[in-house]
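Here's a quick briefing to read alongside the model. Have the viewer open and follow the topics in turn.

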Amino acid sequence: MVAAAALSFLPLFPASPSSHAAALAASSSSLLRRCYPFVCSHANAASLPRRPPAFPSSHRLRHHRYASSIGRSRKMGNQKAQCAPPRFGSLAMALGPLHAQVDGGRGVAGLDSLGNFWRWLEEKGVKAPAVRPAAVPEGLGLVAQRDIARSEVVLEVPQRLWINPDAAAADPELGRLFSGLKPWVSVALFLITEKSRGLKSPWKPYLDILPASTDSPLFWSEEELSELQGSQLLSTIFGVQEFLRSEFLKVEEDLVLPHKYLFPSPVTMEDFVWAFGILRSRAFSRLQGENLVLIPLADLINHSPKITSEDSAWEIKGKGLFSREQVFTLRAAVPVKAGEQVCIQYDLGKSNAELALDYGFIEKTSARDSYTLTLEIASSDEFYDDKLDIAECNGLGESAYFDIYLDSTLPPMILPYLRLIALGGTDVFLLEALFRNTVWGHLELPVSRQNEELICRVVRDACKSALSAYQTTIEEDEKLRDAENLDPRLEVAVWIREGEKKVLQKIDKIFQERELELDTLEYYQERRLKDLGLVGEQGEIIFWESN
Ligand SMILES: C[S@@+](CC[C@H](N)C(=O)[O-])C[C@H]1O[C@@H](n2cnc3c(N)ncnc32)[C@H](O)[C@@H]1O
């Protein structure tokens, strides 16, 4: 039997009559990976729908792959955090911390907002002995008021100021409703309702300094999104939009409309996206789970690519011997000079597409350029159950997501998984129960010429197909991104599409080189005969001497 593989977004292999189709999908999801609470994956080559944009229904949701916000691996509790070194030296704006205009996506929110916010923090018992919020090139940030030593406490925010599912559940009017929701939905609705309470909201000074949007593509116009035509990021954005729309419709129908008399004003999809964007870019924990939290003031900390460690920047601990209240403490991981910004490394593990989606910026380094290949065992595969069993025994599943980075080698599991899904013909004996414990070891090496050729062809066809969907060449992107005064969103789009194409070209090259080696590779049968002592090291058949 011949294995046939197909890209989920584009059939690469005509399903042969005897095929047990394995599906190999190069799809979008580097963004949706790593613990994000929800998220989706989709076909690779995204193109813009005609108006209205977004919310296409053809994307599969991939829950749990869209990890969150500031800092990747931090958990709540007495745990540690990241570092906060200086990066933007003298970039804090001349206006000075308390008189800075609150801009950066907020529009001009008024000269007093930052001052009000600071007074409110002080009244509430926030301690920030060495920093002040200030206008900086990234919007707002934390600027050192004096030289700060490494490990020095930069700020302490008591629990009563945290915005998390507990705060939402404590709302006197709506808490009862919020407490039954997914944590991130409850916090999102809490933010929206507090915002619409205006002067009546105790959180007003904080809400006033939150941006109306970020540069995340979730807030881009249709025209801006068109710069991502054909990219994996665009299909990821569509998936996130689709996810948000379905979450919104659910909560609207189940909770908001039946209790609309309790809400200060109608809750719109736009509000929901805004709250989501705020949580994605500012929450100090993973978006999924009870630990989701916004920490006012601490959430003004910006990211610096120069900080390459995620160690010990923050911790949460009890306030004192006799207090049950917890306090969030942020420390400087490196010395910071007076006037410089205190920054942290948001997440060393995020690709540029993930940074763009969550925060609206990218790092100009190819080390963050990535493309996610999604491989799938097709449900129509004749040997689906056996293959799935083997995949599961080795920590994978029906689908497997492989983030390929420009500067790194292929993930080690990708070749065995590819060989598994493409396994067919005379090679299927490897699926026998007899081989169950050893099969992965066999798959780590070429199984047969037919199998190896198939995976090369599938992957190369997938890369070519994905590459053909982009509207610009790498050369055009390179020229554009070197232009001066590029709009920040265009810069993100150009960098992302260029990086994706480079990764696709790299993958294609790897499998092209492998194709050229097919005749020289050693396959399972040959290895087996050697193990049995029936073939010599040079491949010669060893005959029994008879005399
Ligand atoms: C946790 S908030 C930090 C406070 C934010 N600057 C503000 O004005 O509210 C994260 C957001 O800050 C901005 N930001 C942080 N670090 C940045 C950087 N290195 N380059 C560009 N923007 C950055 C992005 O808009 C991001 O979504």
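Asn 485 sits in the loop between α14 (474-481) and α15 (488-517), where helices (H or I, at least four residues) and strands (E, at least two) are DSSP runs, numbered from the N terminus. This is a predicted model: local features need pLDDT of at least 70, side-chain atom pairs count only at pLDDT 80 or more, and totals for chains, interfaces and linings use all residues. Residues are numbered from 1 along each chain as its sequence is written, and side-chain values use heavy atoms, with hydrogens and water left out.

- Asn 485 has a positive phi of about 50°, although it is not a glycine.
- With a relative accessibility of 79%, Asn 485 counts as exposed (exposed is over 50% relative accessible area, buried under 20%, partly exposed in between; 1.4 Å probe, protein chains only).
- Leu 297 belongs to the loop between α8 (269-282) and β8, and its phi is also positive, near 80°.
- Leu 297 is buried, its relative accessible area being 0%.
- For background, most residues other than glycine have a negative phi.

**Helices α10 and α11**

- The axes of α10 (residues 384-393) and α11 (residues 414-422) come within 10 Å and cross at roughly 165°; that makes α10 roughly antiparallel to α11.
- On the terms: axes are lines fitted to C-alpha atoms, for helices over the stretch in contact, and angles run from 0 to 180 degrees between N-to-C directions. Angles under 35 degrees count as roughly parallel, over 145 as roughly antiparallel, 65 to 115 as roughly perpendicular and the rest as oblique.
- α10 passes α11 in a right-handed crossing (right-handed if the near helix is turned clockwise from the far one by less than a right angle, left-handed if anticlockwise).
- Which residues meet here? From α10 there are Lys 387, Ile 390 and Ala 391, and from α11 Tyr 417, Leu 420, Ile 421 and Ala 422 (contact means heavy atoms within 4.5 Å).
- By class, that contact of α10 with α11 has 6 nonpolar, no polar and 1 charged residues (Ala, Val, Leu, Ile, Met, Phe, Trp, Tyr, Cys and Pro count as nonpolar, Asp, Glu, Lys and Arg as charged, and the others, Gly among them, as polar).

**How covered is α11?**

- 9 of the 9 residues of α11 are buried, so this helix is largely enclosed by the rest of the structure.
- Arg 419 lies in α11 and, at 1% relative accessibility, counts as buried.
- Leaving aside residues up to four places away in sequence, Arg 419 touches a set of residues including Glu 444, Asn 451, Glu 452 and Arg 514.

**The open sheet**

- 4 strands make an open sheet in the order β5-β6-β11-β8, with mixed pairing (two strands pair if DSSP finds at least two bridges between them).
- Its edge strands are β5 (131-136) and β8 (302-303), each pairing on one side only.
- Helix α1 (residues 112-123) packs on the sheet, touching β5 and β6 (139-144), and its direction makes about 160° with that of β5.
- β8 pairs with β11 (residues 341-344) in the parallel sense over 2 bridges, and His 303 stands opposite Ile 344 in β11.
- A hairpin joins β5 to β6 through 2 residues; these strands pair in the antiparallel sense over 6 bridges, with Val 131 opposite Ala 144 in β6.
- β5 is mostly covered, with 5 of its 6 residues buried.
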